[in-house]
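Subject: Structure handover

Hello,

Here is the structure I promised you. Please open it first, then read my notes below with the model on screen.

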Amino acid sequence: MSDHSFVFSEKPIRIDHGEGVRLYAEDGTEYLDLGASYACTPAGHCHPEVLSRTTEQLEQLFYVQASYPHDQRDELYEKLAHTAPGDVDYTWLCNSGTEANEAALKFARSATGRSKILSTTRGFHGRTMGALACTWKDKYKQPFEPLIDGVEFVPYGDADAMREAVDDETAAVILEPLQGEGGINPASTGYLQAVREATAEHGAAMVMDEIQTGLGRTGSFWASDAHDVVPDILTTAKGLANGLPVGATLCREWVAEDAGPHGSTFSGGPAICAAANATLDVIHDEGLAENAAAVGEYLRSELEASVGDEVRDVRGNGLMVGVEVKRGANRMLRDLALNHQILALPAGRTVVRLLPPLTLTESDADEAVDAITEVVTS
Ligand SMILES: *Cc1c(COP(=O)(O)O)cnc(C)c1O
């Protein structure tokens, strides 16, 4: 552990290398990775195709500024437009989720000429001043206030409250289709469609934050697809380059054509685009959304059968799973890591969050269920 680290509390495990759903510590211990470091490696650690295509591009050119067109960037724009719901065809590339949301808020304000932004209770949208203002938890915000003005929170899942809150002053509604950090809280199709209708009616932009739910994680390529909702802006990041830093703000033409001035030095460099192109190809070619749907369903039903009475709830979609426990999640996560060599994540104090690589198999899921059962019942 370093004496110079201060933002993160470090864990007593030093990871040395990884392959697929496995991580290996310096001392040789093998771990089953059910967190994928916050969903950042959907194709699995060190996927050979992502590795070789990124390395090839690095050998040719690390970076060239976004005003010089580049094949890798063109290909990524093309791929994102192709996978995005409906006519969400325009892409802004950046380096993280919070930046993707920051851009979404700026584009929405510019395109609508309005300033009011609606977010949802228990939502999480990032840590820069604008995205942080849209994040629910006071603990994350309070020391840094004042944040940006004009953000109001509406109860997540309450269609009537949203209909009431959206008006002709509203620039944007930002929300997750299934809340991650807030505790793995799924939204119904009816709710998401009501948000879509209310925003359309008042000319406000619907911003779907798919930073955690996207790229096949919830069993469809975007969670929006499963709800038949086409937002005006969709944000993605986390696993888009399988562990290298990238984010993207996808939008419809009416937003793109009046998005206002914006920029970033590291927008869409060739190497990062090569990694993202390879990752998207692997997700498609290996059917990882379909695998997430099938193995996710299996994992949840096995968990319910095995620990159903010992926990408060098992919920989620695809391989975005929350187990709400009766005692603290952190104690369980420590037990899982140190005694069962399984790495997972918390979502608040009482939810154990599973976001494994989307290559997880049923036999990996069995391993997870056995360990979680032991930890919960011990
Ligand atoms: C992780 C996350 C973010 C922030 O992404 P960073 O890359 O950490 O800035 C925003 N929204 C959601 C839903 C997330 O899960």
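One definition before we start: Ala, Val, Leu, Ile, Met, Phe, Trp, Tyr, Cys and Pro count as nonpolar, Asp, Glu, Lys and Arg count as charged, and the others, Gly among them, count as polar. Keep in mind too that this is a predicted model.

**The ligand**

Which residues are around the ligand? They are Ser-96, Gly-97, Thr-98, Asn-101, Phe-124, His-125, Gly-126, Glu-176, Asp-209, Ile-211, Gln-212 and Lys-238. Sorted by class, that shell has seven polar, three charged and two nonpolar residues. Helix H4, residues 97-112, gives the largest share of the shell, with three residues.

Now look at some polar atoms. Gly-97 uses its backbone: an N or O atom there lies 2.8 Å from an oxygen atom of the ligand. Phe-124 also uses its backbone, with a polar atom 3.3 Å from a nitrogen atom of the ligand. Gln-212 uses its side chain instead, where an N or O atom is 2.7 Å from an oxygen atom of the ligand. How much of the ligand does the protein cover? On its own, the ligand has 380 Å² of accessible area, and the protein covers 81% of that.

**Surface and interior**

Phe-8 has a relative accessible area of 68%, so it counts as exposed. Together with Phe-6 and Val-7, Phe-8 forms a nonpolar patch on the surface. The accessible area of the three together is about 450 Å².

Is Ser-267 buried or exposed? Ser-267 is buried, because its relative accessible area is 2% and the cut-off for buried is under 20%. You will find Ser-267 in the loop between helix H10 (253-256) and helix H11 (270-285). A polar atom of the Ser-267 side chain lies 2.7 Å from the backbone oxygen of Leu-93.

**Backbone details**

- The peptide bond from Glu-145 to Pro-146 is cis, with omega near 5°. Pro-146 sits in the loop between helix H6 (138-141) and strand S6 (151-154).
- Arg-122 is not a glycine, yet its phi is positive, near 65°. Look for Arg-122 in the loop between strand S5 (116-120) and helix H5 (129-133). Arg-122 has 44% relative accessibility, so it counts as partly exposed.
- Gln-341 is not a glycine either, and its phi is positive, about 55°. Gln-341 is in the loop between helix H13 (329-340) and strand S15 (342-343). At 27% relative accessibility, Gln-341 is partly exposed.

**Salt bridges**

Side chains of opposite charge can pair when their charged atoms come close. How many salt bridges does the structure hold? The count is 19. Here are some of them.

Start with Glu-26 and Arg-14. Their side chains meet in a salt bridge, at 3.5 Å from N to O. This pair links distant parts of the chain, twelve residues apart. Glu-26 is in the loop between strand S2 (22-25) and strand S3 (30-33), while Arg-14 is in the segment before S1. Both Glu-26 and Arg-14 are exposed.

Next, Glu-75 and Arg-53 form a salt bridge, and their closest N and O atoms are 3.8 Å apart. This pair also links distant parts of the chain: Glu-75 is in helix H3 (residues 71-83), and Arg-53 is in helix H2 (residues 48-60), 22 residues apart. Glu-75 is partly exposed, at 28% relative accessible area. Arg-53 is partly exposed as well, at 23%.

Then turn to Arg-163 and Asp-160. Their side chains meet in a salt bridge at 2.6 Å, N to O. Where do Arg-163 and Asp-160 lie? Both are in helix H7 (residues 159-165), three residues apart, which is about one turn of the helix. Arg-163 is partly exposed, with a relative accessible area of 43%. Asp-160 is at 54% relative accessibility, so it counts as exposed.

Last, a network. Salt bridges that share partners join Glu-49, Arg-53, Glu-75, Lys-79 and Asp-281 into one network. The Glu-75 and Arg-53 salt bridge is described above.

Best wishes

Notes
Residues are numbered from 1 along each chain as its sequence is written. This is a predicted model: local features need pLDDT of at least 70, side-chain atom pairs count only at pLDDT 80 or more; totals for chains, interfaces and linings use all residues. Side-chain values use heavy atoms; hydrogens and water are left out. A residue is near a molecule or strand if one of its heavy atoms lies within 4 Å of it. A polar contact is a pair of N or O atoms within 3.5 Å; within protein, one must be able to donate a hydrogen and the other to accept it, and residues adjacent in sequence count only if both atoms are side-chain atoms. Accessible areas come from the Shrake-Rupley method with a 1.4 Å probe; for residues, only the protein chains shown count as cover. Helices (H or I, at least four residues) and strands (E, at least two) are DSSP runs, numbered from the N terminus. Patches are made of residues with over 30% relative accessible area and no salt bridge: like charges are joined within 9 Å, nonpolar side chains (Val, Leu, Ile, Met, Phe, Trp, Tyr) within 5 Å. A salt bridge is a side-chain nitrogen of Lys or Arg within 4 Å of a carboxyl oxygen of Asp or Glu. Buried means under 20% relative accessible area, exposed over 50%, partly exposed in between (1.4 Å probe, protein chains only).
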